[in-house]
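These notes are meant for a colleague opening this structure for the first time. Please read them with the model on screen.

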Amino acid sequence: MAEQEYFRKALSDFTFDVASGGAIRHLADRGYTVRQIKEMLDFPTPLDRVGQAVWQHFLKTGQVTDTEPEDGNQQEQFTYVLEYDAYGKSSYRRVTLKERDARPVSWQERQFSQGEDGPLPAFLEEKCRENQEEQSYVSCDFGLRSRREPGEYRRMLGFLKEDQREYILGLPWERKLVYHRLDRRMREIVARLYSSGEWHGTCYFVTTREKIRL
């Protein structure tokens, strides 16, 4: 009985990846929210399953990381290889290409000051241009706050535009501090939350090795 159940789940995972996995990853890369992706799929898929697929894709591509960003020269370099087991279940196997340099990163840490740094949106844009978006991250505690302080969490999200709020709510944030790449949408979200006074975080600019608290 247990083996039958395992086979059904494996077959379901395989069918899901074939029918929707590629489309979900493609649409996520194009910037669509989880809800928008669900509505665009040909194969009916629960919202939470789409969210999990997007989250796993973000972790694999570095859009989101669950460890503090580091110097690209010191980070472990790896790739993921898609494999299928005897039951047809797909999984990604992590393959290390280069071992991580154990030497610690020396960060220049400071507090953001609007008086010295200027308006936050322009400041973040300039820093991301200097470092490139792939080397610019912001800490996110959405998974923690949504569970510990649900009322304050909802009030905080009320400061966002509808599409920004939909993006945040669609992702299954882990119950710990994670780091999201500072792409254009996240820069706009950070700027709105910062101006509300309801949020604090830290920006990591890896190329210039700056850690800036907001």
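1. Being three residues apart in helix α5, R129 and E126 are separated by about one helical turn; helices here are DSSP runs of H or I of at least four residues, strands are runs of E of at least two, and both are numbered from the N terminus. The two side chains meet in a salt bridge, 2.6 Å from N to O. A salt bridge is counted when a side-chain nitrogen of Lys or Arg lies within 4 Å of a carboxyl oxygen of Asp or Glu. R129 counts as exposed at 51% relative accessibility, and E126 as partly exposed at 41%. Buried means under 20% relative accessible area, exposed over 50%, and partly exposed in between, with a 1.4 Å probe and protein chains only.

2. A word on the basis of these values. The model is predicted, so local features need pLDDT of at least 70 and side-chain atom pairs count only at pLDDT 80 or more, while totals for chains, interfaces and linings use all residues. Residues are numbered from 1 along each chain as its sequence is written, and side-chain values use heavy atoms, with hydrogens and water left out.

3. The chain as a whole: its secondary structure comes to nine helices and eight strands. Of its 214 residues, 40% count as buried. Among contacts (heavy atoms within 4.5 Å) between residues at least 6 apart in sequence, 67% join residues at least 24 apart. The accessible surface is about 12,300 Å², and 47% of that surface belongs to carbon and sulfur atoms. These areas come from the Shrake-Rupley method with a 1.4 Å probe; for residues, only the protein chains shown count as cover.

4. Which residues of the largest nonpolar core touch the most other members? They are V54, F142, I168, L182 and V190, in a core of 39 residues. The largest share of this core, five residues, comes from helix α3 (residues 47-61). A nonpolar core is a set of buried Ala, Val, Leu, Ile, Met, Phe, Trp, Tyr and Cys residues joined through side-chain atoms within 4.5 Å. Leaving aside residues up to four places away in sequence, F142 touches Y153, M156, I168, W173, L193 and W199. Another core, of five residues, lies apart from it and includes W107, Y179, Y204 and V206.

5. Helix α7 (residues 150-157) has Y153, M156 and L157 as its buried residues. Seen down the axis of α7, these fall within an arc of 95 degrees, so they line one face of the helix; the arc is that of the directions from the helix axis to the C-beta atoms. They pack against α6 (142-148), α8 (162-170) and α9 (184-196).

6. Is K127 buried or exposed? K127 lies in helix α5 (residues 120-131) and counts as buried, at 11% relative accessibility. Not counting residues up to four places away in sequence, K127 touches S136, F205, E210 and I212.

7. The search of the whole structure finds 15 salt bridges. One of them joins D66 to K176, with the closest N and O atoms 3.6 Å apart. This pair links distant parts of the chain, 110 residues apart: D66 is in the loop between β1 (64-65) and β2 (77-84), and K176 is in the loop between α8 and β6 (178-181). Both ends are partly exposed, D66 at 35% and K176 at 33%.

8. E133 and R187 form a salt bridge as well, with closest N and O atoms 3.1 Å apart. E133 lies in the loop between α5 and β5 (136-140) and R187 in helix α9, so the pair ties together parts that are 54 residues apart in sequence. E133 counts as partly exposed at 30% relative accessibility, whereas R187 is buried at 13%. Elsewhere, E68, E109, K211 and R213 are linked in a network of salt bridges.

9. How many disulfides are there? The count comes to zero, taking a disulfide as a pair of cysteine sulfur atoms within 2.5 Å. For C128, the nearest cysteine sulfur is that of C203, 7.8 Å away. C128 is buried, with a relative accessible area of 3%, and C203 is buried at 1%.
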